[in-house]
Amino acid sequence: MSKAKKSPKVQYGIEITKPWSKEMYDHNDMVSEEMKKNIIQKWEALIYEIDPETDWIMFEDESSISKLQRRVCYSGYGPGYTLGEVDREFRDEVENMPSYMLHESYSYLAFEGMLPRTSFMLIGFDWEKFDYHVIGSQELTSSVVEKDIVNA
């Protein structure tokens with residue numbers, strides 16, 4: 001008796017494949033841009049008008065600044081680091097964050113209410129703490145699919 005073949009998983013009109021397809025990469029590039037923009041906007045709102053020479057130890061562990069920094073960088077800073085130094089490392093970490101880390105970190109930060117929901121979620125990952133896309137967007141088609149249809 002043969003097993004029935006599973007239907008392929010499709011998210012946002014994109015078939016989930018291993019290895020990843022060009023559409024999957026293009027979709028994730030589009031979504032990660034939105035996610036990174038949201039993270040930096042939140043960071044900039046939190047550090048706005050704080051002297052960059054402020055010693056990092058002045059920020060409580062439970063402050064929003066410290067929480068966001070730890071979720072992105074996965075480690076904290078202690079005495080001797082200034083806000084300016086942490087800011088540079090934070091921005092570098094956001095810019096170079098691999099997709100799987102971005103997916104996991106954003107999921108937790110959105111769950112905690114620190115970041116807004118995104119238009120879509122990254123695809124091709126098996127787990128997230130929280131569906132961080134806008135409610136109902138799971139029924140939408142990614143714009144990368146629509147571009148392929150127009151260009152065909």
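A residue is called buried when its relative accessible area is under 20%, exposed when over 50%, and partly exposed in between (1.4 Å probe, protein chains only). The structure is a predicted model, in which local features need pLDDT of at least 70 and side-chain atom pairs count only at pLDDT 80 or more, whereas totals for chains, interfaces and linings use all residues. Residues are numbered from 1 along each chain as its sequence is written, and side-chain values use heavy atoms, with hydrogens and water left out.

The chain contains 5 helices and 2 strands, taken as DSSP runs numbered from the N terminus (helices: H or I, at least four residues; strands: E, at least two). Their order from the N terminus is β-β-α-α-α-α-α. The radius of gyration, computed over C-alpha atoms, is compared here with a globule rule of 2.2 Å times the number of residues to the power 0.38. For this chain the radius is 19 Å, well over the 15 Å that the rule gives for 152 residues, so the chain is more spread out than a compact globule. Along the principal axes, the C-alpha atoms fill a box of roughly 65 × 40 × 25 Å. Of the 152 residues, 36% are buried. The accessible surface, from the Shrake-Rupley method with a 1.4 Å probe and, for residues, only the protein chains shown as cover, is about 9500 Å², and 51% of this surface belongs to carbon and sulfur atoms. With contact defined as heavy atoms within 4.5 Å, 58% of the contacts between residues at least 6 apart in sequence join residues at least 24 apart.

A nonpolar core is defined as a set of buried Ala, Val, Leu, Ile, Met, Phe, Trp, Tyr and Cys residues joined through side-chain atoms within 4.5 Å. The largest such core has 36 residues, and Ile39, Trp43, Trp56, Val72 and Phe90 have the most contacts inside it. Helices H1, H2, H3, H4 and H5 (143-151) each contribute at least two residues to this core. H1 provides the largest share, 7 residues.

Helix H2 spans residues 64-73, and its buried residues are Ile65, Ser66, Leu68, Gln69, Val72 and Cys73. These residues lie on the same side of H2, because they cover an arc of only 165° around the axis, where the arc is that of the directions from the helix axis to the C-beta atoms. The buried residues of H2 pack against helices H1 (22-47), H3 (83-96) and H4 (99-111).

Trp56 is located in the loop between H1 and H2 and is buried, at a relative accessible area of 3%. Beyond four places in sequence, the contacts of Trp56 include Ile65, Ser66 and Gln69, together with Tyr77, Gly78 and Tyr81.

Trp43, Trp56, Phe59, Tyr77, Tyr81 and Phe90 form one aromatic cluster. Rings of Phe, Tyr and Trp (its six-membered ring) are paired if their centres lie within 6.5 Å; planes under 30 degrees apart count as stacked, over 60 as edge-to-face and the rest as tilted. By this rule there are 10 aromatic pairs. In one of them, Tyr77 and Tyr81 are edge-to-face, with 4.8 Å centre to centre and 70° between the planes. Tyr77 is buried, with a relative accessible area of 17%, while Tyr81 is partly exposed at 36%.

Thr118, in the loop between H4 and H5, is buried at 0% relative accessibility. Apart from residues up to four places away in sequence, Thr118 touches Glu34, Met35, Asn38, Tyr106, Tyr132, His133 and Val134.

Several loop residues have particular backbone features. The peptide bond from Lys18 to Pro19 is cis, with omega near 0°. Lys18 lies in the loop between strand E2 (14-15) and H1 and is exposed, with a relative accessible area of 69%. The C-alpha atoms of Lys18 and Gly124 are separated by 8.4 Å, although the two residues are 106 residues apart along the chain. Glu49, in the loop between H1 and H2, has a positive phi near 65° and is not a glycine; Glu49 is exposed, at 68%. Tyr74 belongs to the loop between H2 and H3 and is partly exposed, with a relative accessible area of 43%.
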